[in-house]
Amino acid sequence: FLTTNKADFVTNLRRCLLFNIMANFGELVLVIGDLHMPQRAADIPAKFKKMLVPNKMQHVLCTGNLTTRESHDMLRNLAPNVHVVRGDFDDQQNLPEQKTVMIGAFKIGLLHGHQVVPWGSLSALAMKARALDCDILISGHTHESAVTRKDGIWYINPGSVTGAYSPTGGGDVPSFILLAVQGEKVVCYCYKYNEAKDSVEVSKTEFSKGE
């Protein structure tokens, strides 16, 4: 908070308070993906980087397309539990195509999304969710953030944190998602960077297991 700009001070204070409130709610899970640095994007927006600091989250779930070892190392510095799947532009063969993790009472499926055809199709994703037997399915590839419920399963797409171009027509709007998980309840915060206003916009969705 060492700043001479009052507006920056207030903004930083609000962000700090929000993270503290969510931390009290439960485990914090950063959902992020499709960085494509440096091929399609130079960097993560500065306002995002100020928020994504070490020791605030317990978990990172990444939908892939980090494309570089440096991006992977950056995620490893953010939280003690980092799960990454391989995107269609990742060269690291040791990364899994998909995986499941348990956080709170939720079994969460994670994959990049290029394997699901048509890309971004909720019906196609539903088949994958049933195959993985998960409560929440996280996927990327379209570069468009989304939080959707279908037949008791939640589908989360964090978009591209850099706003990287996508041949599917998505991208341009940098975004990521933060989950606050406590037992059978989740509060989902979607962060989008508005370049024209140089501001971060936040929307919230709450859900419980079995809804």
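Biologist: Among contacts between residues at least 6 apart in sequence, what percentage join residues at least 24 apart?
Modeller: This is a predicted model. The chain has four helices and eleven strands. Take its contacts between residues at least 6 apart in sequence; the share joining residues at least 24 apart is 56%.

Biologist: What percentage of the chain's residues is buried?
Modeller: Buried means under 20% relative accessible area. The chain has 211 residues, and the buried share is 49%.

Biologist: Which residues of helix α4 are buried?
Modeller: Helix α4 covers residues 122-132. An α-helix has 3.6 residues a turn, so residues three or four places apart point the same way. The buried residues of α4 are A124, L125, A126, A129 and L132.

Biologist: Which strands do the buried residues of α4 pack against?
Modeller: Contact here means heavy atoms within 4.5 Å. By that test, the partners are β4 (98-103), β5 (106-111), β6 (136-138), β7 (146-150) and β8 (153-157).

Biologist: Which residue just after α4 takes a positive phi?
Modeller: Helix α4 ends at residue 132. Just after α4, a phi of about 55° belongs to D133.

Biologist: How many disulfides does the structure hold?
Modeller: A disulfide needs two cysteine sulfur atoms within 2.5 Å. The nearest cysteine sulfur to that of C188 belongs to C190, 6.8 Å away, and C188 is in no disulfide. For the structure, the count is zero.

Biologist: Is C188 buried or exposed?
Modeller: The cut-off for buried is under 20% relative accessible area. C188 has 1% relative accessibility, so C188 is buried.

Methods
Residues numbered from 1 in each chain as written. Predicted model: local features only at pLDDT ≥ 70, side-chain atom pairs only at ≥ 80, totals over all residues. Heavy atoms only, no water. Buried < 20%, exposed > 50% of the residue type's maximum accessible area, 1.4 Å probe, protein only. Helix = DSSP H or I, 4+ residues; strand = E, 2+ residues; numbered from the N terminus.
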